[in-house]
Amino acid sequence: MALLAIRYLLGLFLDLSILTTPVSMAQELFVSPDGSDLQAGTRSHPVRTLAHARSLARQFAGRRGVTVTLMDGDYFLQEPLLLTSEDSGSPSAAVVYRAQNEGKAVLSGGIPLALEWEPWRNGIYRARCPVNKRFDRLFADGQPQPMARYPNYDPTRQDVPYRGAAADAVSPERSARWQNPAGGYIHAMHPSLWGGFSFRILGKGPNGDLLYEGGWQNNRPAPMHERFRMVENVFEELDAAGEWFQDVGEGLLYWMPPTGTDPARAKIVGVTLASLVELRGSASRPVRYVRLEGLTFRHTARTFMDNKEPLLRSDWTIYRGGTVLFEGTEYCGLTNSFIDQPGGTAVFVNNYNRGLRLSGLHVLGSGASGVAFVGDPAAVRNPAFGYHAPHNLADLDPVVGPRGTNYPMECILEDSLIHEVGTVDKQAAGVQISMSRRITVRHCSIYDTSRSGININEGTWGGHLIEGCDVFRTVQETGDHGSFNSWGRDRFWVPNTDETAAEVRKNPSLPYLDAMEPVVIRNSRWRCDHGWDIDLDDGSTNYIIENNLLLNGGLKLREGYRRIVRNNILVNNSLHPHVWYPASDDVFTRNVVMAPYQPAGMRSGQWGRLLDRNLFACAEADRARFAANGADATSVTGNPAFAQPDQGDFTVTNAALARAIGFRNFPMDRFGVRRPSLRAISDRPAMPTVTVNVTRAGGERSRGSWMGVVFVQPLGQELSAYGAGFETQALAVESVDASSPLGGPNGLRRGDLVLSINGRQASQVDDLEKALASAADRKLTIRLLRSQRERTLVLTLGPR
């Protein structure tokens, strides 16, 4: 009977196997640049195109696992590979597009060009282009070549915007040399170095003046920087090795090959596509369980002229696209892949995405950001766009959190190397997070960036985790920023801090309507040499910052609520509190600092909930300097005796001092990328020379009073509190006596930054008296910054 039962079950199984496809039986398809779409897609008979492989995969997707294996070679795409909900896998049967040998299958957005170069003049070659398409970029032997430009590209000048900039880049004298500059581009920095702008040249006007459009790439509108300007794609500027120009009308390419390059042997690729793979679904019809593994992505176009959408009230605008795009996905992934010198953002995670995993990525030389997570502003309650956009605090939607689900949530970026970020777009980041929730960035090495390493754009909607990262050599072409930067210009926030504080007193829950869950930054290493290591800017709220090693720039906390900073080491620097709200609920405790606090625009009275139990590796006078503000009554001073700071080990070996404040050492060898192949090529930050001085107190800022107003002279980074450049010479208003003739409803206010009086620069209090003495009519014209906007006050004083 047992034998008969076995035979019966076996027969039943065989019959069913004919009628159904077992989920566990995976299907493998093969693609090769040498294949044919007339073939079956087997190992020995691969298909040629990814589009045809996708069509074959759809026959099995969702019913059995599908692996599309890309054999070694270059896949030149005519359009992006589009994957939709039809291409979805299932929890037990994923759809995987993978390289047969990691990194050897190359997806390209370019066109290989067979060119017959001929010498033209002055070291320039030219060739007739066989393709009737306009190229945004030109690669020679795998390296991007600069467009004909002025000033010329200098790869050694990492500290200069665009690797070369000049005040006369678009001067009338220079542009007079250009016969037909239409199609050229102007790039210029923001005057405060808050990112940059780009413009497309349309031609010349009747008087020979340049006509151009653009400048929408920055959410803080302003004129071009006076010095940091560059022009490209102008034929008359073709004069340096590597530069090229395409004359589309004549069908000609011009190129000055780099020294030692034989143009006849060079492999030339012209770039047309901005995106290579796009997973596009929606919350109702998501792309599910699709993974990309071991691929190389190369030759993508720049996107700076499409970068138009303002990201709420931050300084950013955005283009929603990337070399790889995820939109409307669930449980998809991109792993162990190389994105080589993308023209725009390398990976863009747009709107609804859940459970996305990005791991083992190497992003090199991105024109815009490395990885961006950006949600839908329609999901934001009371959205506003632009720093000074009208915003009524008395009429806010009181509901906590977002509307709907159209934003990234519970996505992970881990174990990745991202460097040389923002080669074109200067408002860029290694990782950008906006209108998202519970994003994890773990064990990433990020360096050589034009602006921040990691940027959190606003408080919507928190819950992010940043841990184990190594972020350095940031803010290299911009200013007033940090290796980590954030803003929190959310529902509760307006530029006038008194107005916000008054509303929060009425309703203490306001700051947390959008910043629902705390952002945690921990166990990471940061270094910024042109700003702060960690910069929590306007309104940043609900943060926990612990167990971080800050190597140079210190920590800035601008106005916001409930920032808990504990158990961090701030080498050669300190806390920079800027314009805090009263009752901000901030905590700064169990930290090691090496300089006195550096306040700017701070109020008298208690600062935050708790500033105490810290170790000051500086003078006792520095520790006690802000006792009147309730700070550091039980903090201690002394030498932390770091173990091997020159080797990067800042373990505190002075156990008695550590115990006194409750400081606990944390690992010093677990920062950054962990994958062996990426760690082997990843750089490390320079270690600072530690300066411990427990006998000599640091200097204090110049302070003085005039006509009932107390002025202080902010310097360097302190000027950020007022929205001024670090080199600005001005006087800040610390307080205004009620009886001062300079006060009143139309006069000076606390927090104003006085730039000039009667045309005389205001850098010392004596300047004010001199300006008044020279005014026969006792009239004062005061130019100032108030809430980061320039204003002019005209005050007439009474007789002496």
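This is a predicted model: local features need pLDDT of at least 70, side-chain atom pairs count only at pLDDT 80 or more; totals for chains, interfaces and linings use all residues.
Close-up 1. Is N351 buried or exposed? With a relative accessible area of 13%, N351 is buried, because the cut-off for that label is under 20%.

**Close-up 2. R613, in a loop.** Here's another residue that isn't a glycine but has a positive phi, again about 55°. You'll find R613 in the loop between β51 (610-612) and β52 (615-616). Its relative accessibility is 37%, so R613 counts as partly exposed.

**Close-up 3. Two cis peptide bonds.** Start with the bond that joins Y150 and P151: it is cis, with omega about -10°. P151 belongs to the loop between β12 (149-150) and α3 (172-175). Now go to the peptide bond from T460 to W461, which is also cis, with omega near -5°. Where does W461 lie? Look in the loop between β36 (452-456) and β37 (465-467).

**Close-up 4. The hairpin of β14 and β15.** These two strands form a hairpin, with five residues between them. In that turn, G208 has a positive phi of about 85°. Strand β14 (residues 196-204) and strand β15 (residues 210-214) run antiparallel and are joined by five bridges.

**Close-up 5. An open sheet built from β7, β19, β10 and β11.** Follow the strands in the order β7-β19-β10-β11 and you've crossed an open, antiparallel sheet of four strands. At the edges stand β7 (110-113) and β11; each has a single partner strand, so one side of each is left without a neighbour in the sheet. From one strand to the next, the twist averages 35°. Zoom in on β10 and β11, and you'll see an antiparallel pair joined by three bridges. Which residue of β11 is the bridge partner of F139? That's P144.

**Close-up 6. An open sheet built from β8, β9, β18 and β17.** This one has four strands too, in the order β8-β9-β18-β17, with antiparallel pairing. Its edge strands, β8 (118-121) and β17 (244-247), each pair on one side only. Neighbouring strands are turned by 30° against each other on average, direction ignored. Strand β9 (residues 124-128) pairs with strand β18 (residues 252-255) over four bridges. R128, for instance, has L252 of β18 as its bridge partner.

**Close-up 7. The largest pocket.** How big is the volume of the largest pocket? It comes to about 920 Å³. The lining takes in 42 residues, and P144, Q145, P146, Y153 and T423 are the ones nearest the centre. Several strands supply at least two lining residues each, among them β10 (137-140), β16 (229-232) and β33 (408-421). The largest share, three residues, comes from β11. Sort the lining by class and you get 15 nonpolar, 16 polar and eleven charged residues.

**Close-up 8. Cysteines without a disulfide.** A disulfide is a covalent bond between the sulfur atoms of two cysteines. How many turn up in a search of the whole structure? Zero disulfides are found. Take C528: the closest cysteine sulfur, in C469, is 16 Å from its own sulfur, too far for a bond. C528 is buried, with a relative accessible area of 0%. C618 counts as buried as well, at 3% relative accessibility.

Terms used
Residues are numbered from 1 along each chain as its sequence is written. Side-chain values use heavy atoms; hydrogens and water are left out. On a 1 Å grid over the protein atoms alone, a cavity is a set of points where a 1.4 Å probe fits but cannot get out, and a pocket is an open set with protein on both sides within 12 Å along at least five of seven lines; lining residues have an atom within 4 Å of a point. Grid points are joined across faces, edges and corners, and a volume is the space filled by probe spheres set on the points. Ala, Val, Leu, Ile, Met, Phe, Trp, Tyr, Cys and Pro count as nonpolar, Asp, Glu, Lys and Arg as charged, and the others, Gly among them, as polar. Two strands pair if DSSP finds at least two bridges between them. Axes are lines fitted to C-alpha atoms, for helices over the stretch in contact, and angles run from 0 to 180 degrees between N-to-C directions. A disulfide is a pair of cysteine sulfur atoms within 2.5 Å. Buried means under 20% relative accessible area, exposed over 50%, partly exposed in between (1.4 Å probe, protein chains only).
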